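Subject: Structure handover

Hello,

Here is the structure you asked to look at. My notes on it follow below.

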Amino acid sequence: MEIIRADKMGFCFGVKEAVELAHELARDNSGKRIYMLGMLVHNEQVIEVLKKLKIKIITEKEVLETDGETLKKNDIVVIRAHGTTKQLYDILEKKEVTIYDAACIFVKKARKLLVEKQREGKDIIFIGDKDHPEVKGIISFGKDVQVFLNFDELKKANIDSSKRYFLLAQTTLNKNIFEDIEKYVSLNYPNIEIGNTICGATYERQKAVEKLALEVDVVLVVGGKNSSNTKKLFNIAREINPRSYLIQTKNEIELSWLKGIKKVGITAGASTPEESIIEIENSIREEVL
Ligand code: SF4
């Protein structure tokens, strides 16, 4: 049996930078306490390694509910690749901790655009999951942002033709869907300006899994079950190839999936470390090949 990797998979540059920054801080530790705000990236294995390096997790909920009581002046707080809310940044500043903002450039760009366009007097429309930390973070920098989960929801929106709007989307939105939204909006609503904040890394991984899913008998998508971009890769793979499975570790592989097949394809979410992928490949080799 052949194991085929997607052309693009695994750590994106945003996640890579955030993880490298945390490792660097742990190495240089000058006795200061280091915290990551929530899960630095959506992958449990990565988080476990960071915890072993004595980087503690402090949740956003805890900081909000206690007004950052645990944190002391000069503690180090690393903000994850998908950013956080304005309220949280404000509390951290008030506590005089040292902030290392590992929010990825795409998230920062979305945040900046939202603030600029609102300042120009436009109402903000956001397409994405309002419960996802990235979305919560970005929209917290605006006022009365209207959030729609998907294209269908957007179609039901009440758009006032006398107002000017600015539309932007979660960085991990499927690029094909975003293009459909762009066409729909430009045909129907000349008063909506569109900002593209879809991340290139997500798009490349989505395109690569589309190709892979056609070439192989079974697709294994490796990544955290709460990782938005991993779930999207899985949905794309499953639509093309129903024999697609989302797994986090080698222990979740069922040998029956691989029985009698010629090609297994592997892809991985943007927060999945290379070690997890290698572990899964080795396990397939040991068990099946
Ligand atoms: S998936 Fe894209 S937006 Fe998210 S951290 Fe990676 S590069 Fe940035």
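Three helices, α1 (13-27), α2 (44-52) and α12 (274-287), each supply at least two residues of the lining of the second largest pocket. This is a predicted model, and what follows should be read as computed from it. Of those helices, α12 gives the most to that lining, with four residues. The pocket holds about 230 Å³ of space. Its lining has 14 residues, and Val46, Pro273, Glu274, Glu275 and Ser276 lie nearest the centre. By type, the lining of the second largest pocket divides into six nonpolar, five polar and three charged residues.

The largest pocket has about 610 Å³ of space. The elements that give two or more residues to its lining are α8 (175-188) and α10 (228-240). The largest share, seven residues, comes from α10. In total 23 residues line the largest pocket, with Leu173, Asn174, Ile177, Lys232 and Asn235 nearest its centre. Seven of the lining residues are nonpolar, 10 are polar and six are charged.

The structure holds one cavity of 30 Å³ or more, and the volume of the largest cavity is about 280 Å³. Two or more residues of its lining come from each of α1, α5 (105-119), α9 (200-215) and α10. The lining of the largest cavity has 26 residues, of which Cys12, Val15, Ala81, His82 and Asn229 lie nearest the centre. These lining residues divide into 13 nonpolar, 11 polar and two charged.

Next, the nonpolar cores. In soluble globular proteins, nonpolar side chains tend to be buried together. The largest nonpolar core here has 37 residues, and those with the most contacts inside it are Leu40, Leu50, Ile55, Val78, Phe126 and Leu168. Helices and strands both contribute: α1, α2, α5 and α6 (133-139), along with β2 (34-37), β4 (76-79), β6 (123-127) and β8 (165-169), each give two or more residues. The most comes from α1, with seven residues. Taking Leu40 as an example, and leaving out residues up to four places away in sequence, it touches Ala18, Val19, Ala22, Ile47, Leu50, Val78, Ile79, Arg80 and Ala81. Another core, of 30 residues, lies apart from the largest one; among its members are Val219, Leu220, Leu246 and Ile247.

Last, the aromatic rings. The count comes to five aromatic pairs. One of them is Phe13 with Phe106, a tilted pair at 5.9 Å centre to centre with 45° between the planes. This pair links distant parts of the chain, since Phe13 is in helix α1 and Phe106 in helix α5, 93 residues apart. Are the two partners buried or exposed? Phe106 has a relative accessible area of 16%, which is under 20%, so Phe106 is buried. Phe13 has a relative accessible area of 38%, between the 20% and 50% limits, and therefore counts as partly exposed.

Tyr184 and Tyr189 form an edge-to-face pair, 6.1 Å centre to centre and with 65° between the planes. Tyr184 counts as buried because its relative accessibility is 18%, under the 20% limit. Tyr184 and Tyr189 also belong, with Phe151, to one aromatic cluster.

Regards

Key: Residues are numbered from 1 along each chain as its sequence is written. This is a predicted model: local features need pLDDT of at least 70, side-chain atom pairs count only at pLDDT 80 or more; totals for chains, interfaces and linings use all residues. Side-chain values use heavy atoms; hydrogens and water are left out. On a 1 Å grid over the protein atoms alone, a cavity is a set of points where a 1.4 Å probe fits but cannot get out, and a pocket is an open set with protein on both sides within 12 Å along at least five of seven lines; lining residues have an atom within 4 Å of a point. Grid points are joined across faces, edges and corners, and a volume is the space filled by probe spheres set on the points. Ala, Val, Leu, Ile, Met, Phe, Trp, Tyr, Cys and Pro count as nonpolar, Asp, Glu, Lys and Arg as charged, and the others, Gly among them, as polar. A nonpolar core is a set of buried Ala, Val, Leu, Ile, Met, Phe, Trp, Tyr and Cys residues joined through side-chain atoms within 4.5 Å. Buried means under 20% relative accessible area, exposed over 50%, partly exposed in between (1.4 Å probe, protein chains only). Contact means heavy atoms within 4.5 Å. Rings of Phe, Tyr and Trp (its six-membered ring) pair if their centres lie within 6.5 Å; planes under 30 degrees apart count as stacked, over 60 as edge-to-face and the rest as tilted.
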